[in-house]
Amino acid sequence: MPVDLYCNVIAPFCRSVMLLAKALDVEMNLIDVNVLKREQYKPEFLALNPQHCIPTVVDGDVVVWESNAILIYLAEKYGTEEKQYYPKDIGERAKVNRLLFFQLGALHRNVSAYYFPILMGGEGKPEDFRKVQDTVCILDKFLEGNRWLAGDQLTVADFSVVISVAALEGVVKFDLSRYRNVCRWYQLCKQEFQGFEEMTMEATNKSKECFEALRKYKKDEILMAQESPCCSGDSAASNDEPSSKSDKQDDPDT
């Protein structure tokens with residue numbers, strides 16, 4: 001029986017789960033969730049996941065969300081001796097856990113903080129760019145002398161981290177050439193992960209459409225705020241202040 005995966009290929013964390021499922025030969029029933037249409041707030045989805053986030057996995061009676069939790073779940077349930085992507089040894093497992101926390105708390109956070117404003121038509125801050133550089137440098141040191149992130153064996157950490165590196169290369173054109181170990185590891189991931197390049201290309205193309213739609217949505221939202229000031233006509237009329245002041249309403253979402 002296939003495992004239901006509520007996802008969208010644009011979302012990086014969804015792709016990490018899809019890649020691991022392919023590696024484990026787990027049959028997935030992909031259920032597309034269009035977040036721009038707010039499908040994650042449908043009652044039937046909220047009944048499964050009150051946090052209304054993707055990816056979300058439904059495997060029989062088990063419901064799991066948060067991508068790294070899903071990766072661990074799939075690796076523990078569907079892993080084999082040949083494909084043991086979440087180590088049984090507690091020391092080795094600690095290395096993998098540390099890398100999963102690094103991915104979420106440092107790499108993904110810093111990449112998003114710098115590049116999301118750019119993708120939305122704004123500018124990134126130089127200090128945020130330096131954080132991206134520092135984080136990739138740390139990743140490069142993690143890989144020194146290692147075939148994979150946690151050592152010689154492929155683990156869920158590689159599936160988690162690779163999607164951020166793919167975003168750096170494909171979407172934001174970050175120069176990875178200065179980071180020799182990251183480049184070598186990333187090329188290995190491209191070779192070993194089934195469907196990786198096709199999935200990444202699809203996500204890159206759809207991301208462009210998504211961000212164009214988001215930028216338009218933001219502009220329309222600002223125009224609506226300017227055309228519908230908070231002050232009512234009556235209250236403005238009772239005030240001797242120039243009516244032009246009502247045009248200076250702050251965008252409520254900024």
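What follows is a short exchange on how some terms apply to this predicted model.

Student: What makes α1 roughly parallel to α3?

Tutor: The axes of helix α1 (residues 12-24) and helix α3 (residues 67-78) cross at roughly 10° and come within 9 Å. Angles under 35 degrees count as roughly parallel, so α1 is roughly parallel to α3. Axes here are lines fitted to C-alpha atoms, for helices over the stretch in contact, with angles running from 0 to 180 degrees between N-to-C directions, and helices are DSSP runs (H or I, at least four residues) numbered from the N terminus.

Student: Which residues of α1 and α3 meet, and how many of them are charged?

Tutor: With contact meaning heavy atoms within 4.5 Å, F13, S16, V17, L20 and L24 in α1 meet S67, I70, L71, L74, A75 and Y78 in α3. By class, that contact has 9 nonpolar, 2 polar and no charged residues, where Asp, Glu, Lys and Arg count as charged, Ala, Val, Leu, Ile, Met, Phe, Trp, Tyr, Cys and Pro as nonpolar, and the others, Gly among them, as polar.

Student: Why is the pairing of K83 and D25 called a salt bridge?

Tutor: A salt bridge needs a side-chain nitrogen of Lys or Arg within 4 Å of a carboxyl oxygen of Asp or Glu, and K83 and D25 meet at 3.1 Å, N to O, so the pair qualifies. The pair links distant parts of the chain, 58 residues apart, with K83 in the loop between α3 and α4 (90-119) and D25 in the loop between α1 and β2 (28-32). By this rule the count comes to 7 salt bridges.

Terms used
Residues numbered from 1 in each chain as written. Predicted model: local features only at pLDDT ≥ 70, side-chain atom pairs only at ≥ 80, totals over all residues. Heavy atoms only, no water. Helix = DSSP H or I, 4+ residues; strand = E, 2+ residues; numbered from the N terminus. Parallel < 35°, antiparallel > 145°, perpendicular 65-115°, else oblique.
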